[in-house]
Amino acid sequence: MQQYIDKAVEQFRTLITEQLARQNRMEAGEQAKDFANLPHLTIGICGGDGIGPIITHAGEDVLRFLLADEVAAGRVEFREIDGLTIERRTEVGKAIPDDTLAALKECDVILKGPTTTPHGGNLESANVAMRRELDLYANVRPTCVPELGIDWVFYRENSEGEYVLGSRGVEIPDKLAMDFKVTTDAGTRRIARAAFEYAKNNGKDNVAIVTKANIMKKTDGNFSRICHEVAADYPDITAEDWYIDIMTANLVNEARRSQFQVFVLPNLYGDIITDEAAQIQGGVGTAGSANIGDRYAMFEAIHGSAPRMIEMGRGDYANPASVLKACAMLLRHIGKAAEAEKLEKALAICNEKMNMTGRPGGNTCAEFAQAIMTEVEAM
């Protein structure tokens, strides 16, 4: 038994040393890239697993259509990136193969399909690894249902919390297992700053800070404290503390939910509650997601790879609406607001008129993408 304890103590020492080094790197900071004014922008297309390549191909088609003039002028380049499949990741025993990671780092923004993460074992989530390797610290997920008075934007901390060390916990066989949660000062300040900047720049006057600080006093307690310190720089914006459990209830409380505007919250809570928000909007298949850093940005659907659809031969009927919403977010991030607005308008029309059942008899993914381009062309 003592050998397991000694090993765990040494492992914990290593983890603390690594995380302190990460905190110091964040404190030092780096020059943020101006994505909207790059003379040459490279968009990486990374299909992933299951239905990922199908819906991502649809997203690429629509992006190429909307950015045709930029591509023709040599200002935008699309680059296909292979190697993020579960087969390849399992083969090399890495969440992201080295050559794939190198290719990703040659891009400015990435459109990524969903990837499969095995239950158990030691293979880390490709998403978690990509967020860490590219320092994509802000996961931004909007939810909008005007008829219900819902216009929410979630700023989920994306690079620490329970996920940063999620595959590096300790275990004493047949006795106990422990995973770790990490909250750094620099990591919290930058996600808080991103949320309050968004609120200020978009006419919002309320930011909900969502934690479980009454129980997780060190990690969530510091997250809340730091968010309030950042909030002091934004006197016109009200910062309110909420616990994650009651907030999940408030999102379905018709009498309260329309009061919320912008949310900032740690990694795990953000992962869970944004799926709830997406379900209110119409399901996880309707939601897109941005993963933003100072040097890179990655855009994706929030749903999984749907392996059963592939197994049943229904992959071509996957609904690309979620990844197309992510494409609209990508377009805004690179300064193409007019193109994003056209895509969003076309999405609203096609979501109503297309019959996306996910089964034969409904429209296919390719038909949906073509309908989007037809609507945009008619504008």
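Me: Is Asn222 buried, partly exposed or exposed?
Reply: This is a predicted model, and its values are to be read accordingly. Buried means under 20% relative accessible area and exposed means over 50%, with partly exposed in between. The relative accessible area of Asn222 is 32%, so Asn222 is partly exposed. Asn222 belongs to helix H8.

Me: Which side chain does the side chain of Asn222 contact?
Reply: The partner is the side chain of Arg225, in a polar contact of 3.2 Å.

Me: How should I read a nonpolar core, and which residues of the largest one touch the most other members?
Reply: In soluble globular proteins, nonpolar side chains tend to be buried together. Here the largest nonpolar core has 65 residues, and those touching the most other members are Ile43, Val109, Val264, Phe299, Leu343, Phe368 and Ile372. Helix H12, residues 321-333, gives the most to this core, with 9 residues. Apart from this core lies another, of 17 residues, which includes Trp152, Ile244, Phe263 and Tyr269.

Me: What does Phe299 touch, leaving aside residues up to four places away in sequence?
Reply: With those left out, Phe299 touches Val109, Ile110, Leu111, Lys112, Ser289, Ala290, Ile292, Ala326, Met329, Leu330 and His333.

Me: How is a strand read face by face, and which residues lie on each side of strand E10?
Reply: In a regular strand the side chains alternate between the two faces of the sheet. Strand E10 spans residues 262-265; Val262 and Val264 lie on one side, Phe263 and Leu265 on the other.

Me: How many bridges join E10 to strand E5, and how many to strand E8?
Reply: Strand E5, residues 150-157, is joined to E10 by 4 bridges, and the two run parallel. Within that pairing, Arg156 has Leu265 as its bridge partner. Strand E8, residues 206-211, also runs parallel to E10 and is joined to it by 3 bridges. There Ala208 stands opposite Phe263.

Me: Where is Asn158, and is this residue buried or exposed?
Reply: Asn158 is found in the loop between E5 and strand E6. Its relative accessibility is 3%, so Asn158 counts as buried. The Asn158 side chain reaches the backbone oxygen of Leu136 at 2.9 Å. Setting aside residues up to four places away in sequence, Asn158 touches Arg131, Leu136, Tyr137, Ala138, Asn139, Asn267 and Asn291.

Me: How are aromatic pairs described, and how many does the structure hold?
Reply: A pair of aromatic rings is described by the distance of the centres and the angle of the planes. The structure holds 8 aromatic pairs. One of them is the stacked pair of Phe12 and Phe180, at 5.1 Å centre to centre and with 20 degrees between the planes. Phe12 lies in helix H1 and Phe180 in the loop between strand E7 and helix H7, so this pair ties together parts 168 residues apart in sequence. Phe12 is partly exposed, at 38% relative accessible area, whereas Phe180 counts as buried at 15%.

Me: Why do Phe196 and Tyr234 form a stacked pair?
Reply: Planes under 30 degrees apart count as stacked. The ring centres of Phe196 and Tyr234 are 5.5 Å apart and the planes are at 25 degrees, so this pair is stacked. Phe196 lies in helix H7 and Tyr234 in the loop between helix H8 and strand E9, 38 residues apart. Phe196 is buried at 0% relative accessibility, and Tyr234 is buried at 6%.

Me: Which residues do ring pairs link into a cluster?
Reply: The cluster consists of Trp152, Phe154, Trp242, Phe260 and Phe263. A ring may also meet a charge: the charged end of Lys33 sits over the ring of Tyr296, 5.4 Å from its centre.

Me: What is phi at Asp174 and at Ala306?
Reply: Asp174 has a positive phi, near 65 degrees, though it is a residue other than glycine. Asp174 lies in the loop between E6 and E7 and is exposed, with a relative accessible area of 83%. Ala306, also not a glycine, has a positive phi of about 50 degrees. Ala306 is placed in the loop between strand E12 and helix H11 and is partly exposed, at 26%.

Technical notes: Residues numbered from 1 in each chain as written. Predicted model: local features only at pLDDT ≥ 70, side-chain atom pairs only at ≥ 80, totals over all residues. Heavy atoms only, no water. Core = buried A, V, L, I, M, F, W, Y, C linked by side-chain atoms within 4.5 Å. Buried < 20%, exposed > 50% of the residue type's maximum accessible area, 1.4 Å probe, protein only. Contact = heavy atoms within 4.5 Å. Pairing = 2+ DSSP bridges. Polar contact = N/O pair within 3.5 Å; in protein donor to acceptor, adjacent residues only side chain to side chain. Phe/Tyr/Trp six-rings, centres within 6.5 Å; stacked < 30°, edge-to-face > 60°. Lys NZ or Arg CZ within 6 Å of the ring centre and 35° of its normal.
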